[in-house]
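Have the model open beside you as we talk.

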Amino acid sequence: MTEEKRTGIAFLENYARYTDKLHYIDEQMFHLDRMILTAKADFGEQDMRHVNLLKARREQHYRRAWVAGARDVILQTVKRLPSPERQILERYYIDGDGHRAAEDLMEKLGFEKTHIYRLRDRALIHVGQIVMGEKTDVTYTVLQES
């Protein structure tokens, strides 16, 4: 496996991690919001408990913005690829259901399974090249079905 492909895989696998992290942060923010309302009602806005909860909420907000931004970078990178490569990587890594991806893509794109795998491997290499700064213009020709 090439370094570019390994880099592409690692980069795309972060999408699921960032999505999970966003759900976790949203859950924490929900609970903080409830605690802030309770502290405000029980102790007032100037109480240190209320102030500390607001500070924790603000920190979670910044953390969420960073994670969402990192996840968007992955999406924008995938969107730079030609259509078949983009659709394949979206199905495998973005939609989160890689188990049936090849079969679904065979039906959708009209390619054989081996062609789907070749396109996926090539797309992973292209993503790795983009991440490593080796490619800035992603205009590749699509492999023709043999």
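Predicted model: local features only at pLDDT ≥ 70, side-chain atom pairs only at ≥ 80, totals over all residues.

Q: Why is the contact of Glu-85 with Arg-122 called a salt bridge?
A: The term asks for a side-chain nitrogen of Lys or Arg within 4 Å of a carboxyl oxygen of Asp or Glu. For Glu-85 and Arg-122 the N to O distance is 2.8 Å, so the pair qualifies. Glu-85 is in helix H3 and Arg-122 in helix H5, 37 residues apart. Helices here are DSSP runs (H or I, at least four residues), numbered from the N terminus.

Q: How many salt bridges does a search of the whole structure find?
A: Eight. Among them is the one between Arg-64 and Asp-26, at 2.5 Å from N to O. Arg-64 belongs to helix H2 and Asp-26 to helix H1, 38 residues apart.

Q: Why do Arg-64 and Asp-26 count as partly exposed?
A: Arg-64 has a relative accessible area of 28% and Asp-26 has 32%. Both values fall between the 20% and 50% cut-offs, so each residue is partly exposed.

Q: How do you know that Lys-113 and Glu-103 form a salt bridge?
A: Their closest N and O atoms are 2.8 Å apart, which is within the 4 Å limit. Lys-113 is in helix H5 and Glu-103 in helix H4, 10 residues apart. Lys-113, at 30% relative accessibility, is partly exposed, and so is Glu-103, at 25%.

Q: Why is the pair of Tyr-18 and Trp-66 called edge-to-face?
A: Rings of Phe, Tyr and Trp (its six-membered ring) pair if their centres lie within 6.5 Å; planes under 30 degrees apart are stacked, over 60 edge-to-face, and the rest tilted. Here the centres are 6.1 Å apart and the planes stand at 85 degrees, so the pair is edge-to-face. The search of the whole structure finds one aromatic pair. Tyr-18 lies in helix H1 and Trp-66 in helix H2, so parts 48 residues apart in sequence are tied together. At 59% relative accessibility, Trp-66 counts as exposed.

Q: What makes Arg-49 a charge over the ring of Phe-43?
A: The term needs NZ of Lys or CZ of Arg within 6 Å of the ring centre and within 35 degrees of the ring normal. The charged end of Arg-49 sits over the Phe-43 ring, 3.7 Å from its centre. Arg-120 likewise lies over the face of Tyr-92, at 4.9 Å from the ring centre.

Q: Why do the buried residues of H4 line one face of the helix?
A: They are Ala-101, Ala-102 and Leu-105. Seen down the axis of H4, they fall within an arc of 90 degrees (taken from the directions from the helix axis to the C-beta atoms), so they line one face. These residues pack against H3 and H5.

Conventions. Residues numbered from 1 in each chain as written. Heavy atoms only, no water. Buried < 20%, exposed > 50% of the residue type's maximum accessible area, 1.4 Å probe, protein only. Helix = DSSP H or I, 4+ residues; strand = E, 2+ residues; numbered from the N terminus. Contact = heavy atoms within 4.5 Å.
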